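Work through these exercises with the model open beside you. Try each task before reading its solution.

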Amino acid sequence: MALASPASTVLNNVEAVRTTLYEALKSDERTLVLGEDVGARGNVFLITKGFIEEFGPERVIDTPLAEASIAGIAIGMAMEGLRPIAEIQFADFIYPAFNQIVGEAAKTRYRSNGDYTCPLVIRTPYGGGVRGALSHSVSIEALFYHVPGLKIVAPSFPADVKGLLNAAIDDPDPVLFLEHKKTYRLVRGEVPNGHYTIPIGRADVKHPGDQLTVVSYGLYVHQAIEAAKRLDGESLSAEVIDLRSIRPMDRQTILESIRKTRKLLIIHEDNKFGGIGAEISAMVVEEAFFDLDAPIRRLCGPDVPAMGYAATLEEEFMISTDRMAEAMREMIRF
Amino acid sequence: MAKAISTPALERHGLTDDQLRWMLRNMYLQRTLDNRGFQLNRQGKIPFATGSEGHEGIHAGAALAFERGHDILVPYYRDMGLCVGIGMPVLQVLLSMFARAQDVSGGRQFPNHYSYHSLGILSISSIIAAHCPHAVGAAYAMKLRKENGRAVLCTFGDGSTSEGEWHESVNFAAVHGLPIVFLCENNEWAISTPRANQMAIENVIDKAPGYGLPGVKVDGSDPIATYAVMKEALGRARDGGGPTLVEATCYRFLAHTTDDDDRTYRTREEIERHRHLDPVPRFEALLLEWGILSSDDASAMKKDVLAEVNAATDEAEALPFPKPEELYTNVYEGPYEPWL
């Protein structure tokens, strides 16, 4: 008698990405991965370890160190019917590929009026708190979320990572898939077995509450949930929404929550000026100004070029769970 | 590894009379369409045009070497003649100039930025050399799928070879031995910047040995020589022999675009000094000399071309612009509600 296979497995975020990529390569011969050190090394976080042996160097491509063409070559592959999953080793290295992503991938369908499409995934680890200094810590989402034609997702729970990465791979348009590197091994969770997708563009209420809406994504979602749990013990109630998708953005879930809680706190690691929070804030003021009982507040990375290598500099940049909890208390008591 | 060849058109490289006449007609067509774009712009009927006067030999030769239905073309904006040469309808050129709804891009793209999936012409932007990695990706797809007998033709100007993406593309293609031909249409000018300010070397193909692929230089004013070089290079690519860099020389007789005034950076005398390179009268004289056609035949061919271009002009002009609501389509697959 065969043992019933379990419905889910506990994975961390590295394993969730790895499993999803593996299943994609296994099930669809149009898929391939390309990037720096994805082959023999198996990616610097070991996400693609063993892939080159199983799928061969033709579908697990160790590219030359040239980010613009990693994105650009993937675009050409996508235009010619493959389903490339490109990797930029660290989000900080994506700048040379900016034109290919913004000027080319995002506009392929539009400029050809649908004659050509660009079903492409670009994955990249971002974010700080890992002593990554100036060039291994940045958040890049605000540099790209201005661009129609692109989709951007930044899930940080293993089950969301798998569902959204599957959705990104299936998507007929280019998707920038952001993985917060500090959550890679820090966060574990149940991940359903087998293929499933989570629609791009849907946020998720990770912690229900009724006195304050907290919108966040990435590493800080986990801290915000932790802070909200502390508040629960103080008879204060904050609802934490994990944005998951940055573009398109789930305005409905945010607005529904605000109409209930009447207060909004936005928390993100990327710096405040022109960040995702600015857009959410503007949207809420346009759509729900009279539902608000307090000024919107944004708790964000400071407006400095980057977090420094020194522990003191990094800690000053990053937002602690204590600070989050305090901001939540202040808002609820307003 | 790089080699330069200069083949005065002394031999036919196996081309039939019909093929030679086809090339001449294609060159007349290009010249006529170029003139039409500038005329329409000066008449105030279209906002912008770009010409390729001087490139006709390259386009006719390369188009004949291209295998329709198999090869993929990733052109740049000076390749109108090449696109028409591989089968794109003349009407599409005019639809693009007039920005009409029936244009493949639906009136979105600048003139000469074609996309024609059914012919294997990839959509391009105006960003110099940004299309080169796309060509390489397409060639990789062919190789991965073991589609022997297919190749990618990627074209660009001399200025493109300064762009990082050009170098990255050529390098990657050489590393993977991809079925692709990089064709540089070296017309000596990148808008106002002459080749000497673009590179410290004499020839674009001097860059080829650094990447480990063969480089071949050819007189692009000569369509037969260009055809011969392109046939060999594309044939090698289709047969699994890897990429080639071809440099086809020519001279850009027109300003960069209708918005450019080339008197600000080059003399009329310089242009006249290059007039002997004009591929259209040169090739016409050669075919007359070879007895491939008579001067009456040539006149009739020109008239026929003009009639075709006039008819396409009238047809395109009479067609409607895209509807304003078309602005919101094809942003993503499926319905899209932009945030207004």
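**Exercise 1.** Does Phe157(A) count as buried or exposed?

*Solution.* This is a predicted model: local features need pLDDT of at least 70, side-chain atom pairs count only at pLDDT 80 or more, and totals for chains, interfaces and linings use all residues. Residues are numbered from 1 along each chain as its sequence is written, and chains are lettered from A and ligands numbered from 1 in the order in which they are written.

Step 1. Take the rule. A residue is buried if 20 or more other C-beta atoms lie within 10 Å of its own, exposed if 12 or fewer, and partly exposed in between; C-beta atoms are placed from the backbone.
Step 2. Apply it. Phe157(A) has 24 C-beta neighbours inside 10 Å, so it counts as buried.
Step 3. Phe157(A) sits in the loop between strand E6 (151-153) and helix H7 (158-170) of chain A. Helices (H or I, at least four residues) and strands (E, at least two) are DSSP runs, numbered from the N terminus.
Step 4. List its partners. Two residues are in contact if their C-beta atoms, placed from the backbone, lie within 7 Å. Setting aside neighbours within four places in sequence, Phe157(A) is in contact with Val187(A) and Gly189(A).

**Exercise 2.** Find what Asp115(A) contacts, leaving aside its neighbours within four places in sequence.

*Solution.* Step 1. Locate Asp115(A) in the loop between helix H5 (108-111) and strand E5 (121-126) of chain A.
Step 1. Count around it. Asp115(A) has 21 C-beta neighbours inside 10 Å, and therefore counts as buried.
Step 2. Read off the contacts. They are Val104(B), Ser115(B), His117(B) and Ser123(B).
Step 3. Met79(A) is 36 residues from Asp115(A) along the chain, and their C-alpha atoms are separated by 9.8 Å.

**Exercise 3.** Asp37(A) has a positive phi, and so does Arg244(A). Is Arg244(A) buried or exposed?

*Solution.* Step 1. Start with Asp37(A). Its phi is near 65 degrees, and Asp37(A) is not a glycine. The residue lies in the loop between strand E2 (31-35) and helix H2 (51-55) of chain A. With 15 other C-beta atoms within 10 Å, Asp37(A) is partly exposed.
Step 1. Turn to Arg244(A). Here phi is about 60 degrees, again in a residue that is not a glycine. Arg244(A) is in the loop between strand E11 (238-242) and E12 of chain A. It has 28 other C-beta atoms within 10 Å, so Arg244(A) is buried.
Step 2. Follow the chain to a cis peptide bond. This bond joins Arg247(A) and Pro248(A), with omega about -5 degrees. Pro248(A) lies in the loop between strand E12 (245-247) and helix H10 (251-261) of chain A.

**Exercise 4.** Describe how H5(B) and H6(B) pack.

*Solution.* Step 1. Two packed helices are described by the angle between their axes and the distance between the axes.
Step 1. Give the values. The angle between H5(B) and H6(B) is about 20 degrees, and their axes are 8 Å apart. Axes are lines fitted to C-alpha atoms, for helices over the stretch in contact, and angles run from 0 to 180 degrees between N-to-C directions.
Step 2. Classify the angle. Angles under 35 degrees count as roughly parallel, over 145 as roughly antiparallel, 65 to 115 as roughly perpendicular and the rest as oblique. H5(B) and H6(B) are therefore roughly parallel to each other.
Step 3. Name residues in the contact. H5(B) contributes residues including Cys132(B) and Val136(B), while Trp166(B) and Phe172(B) are among those from H6(B).

**Exercise 5.** How many residues does each chain give to the contact between chain B and chain A?

*Solution.* Step 1. Count both sides. Chain B gives 32 residues and chain A gives 33.
Step 1. Find the helices. In chain B, helix H5 (132-144) and helix H6 (164-175) each supply at least two residues of the side that touches chain A.
Step 2. Pick the main contributor. H5(B) gives the most to that side, with 9 residues.
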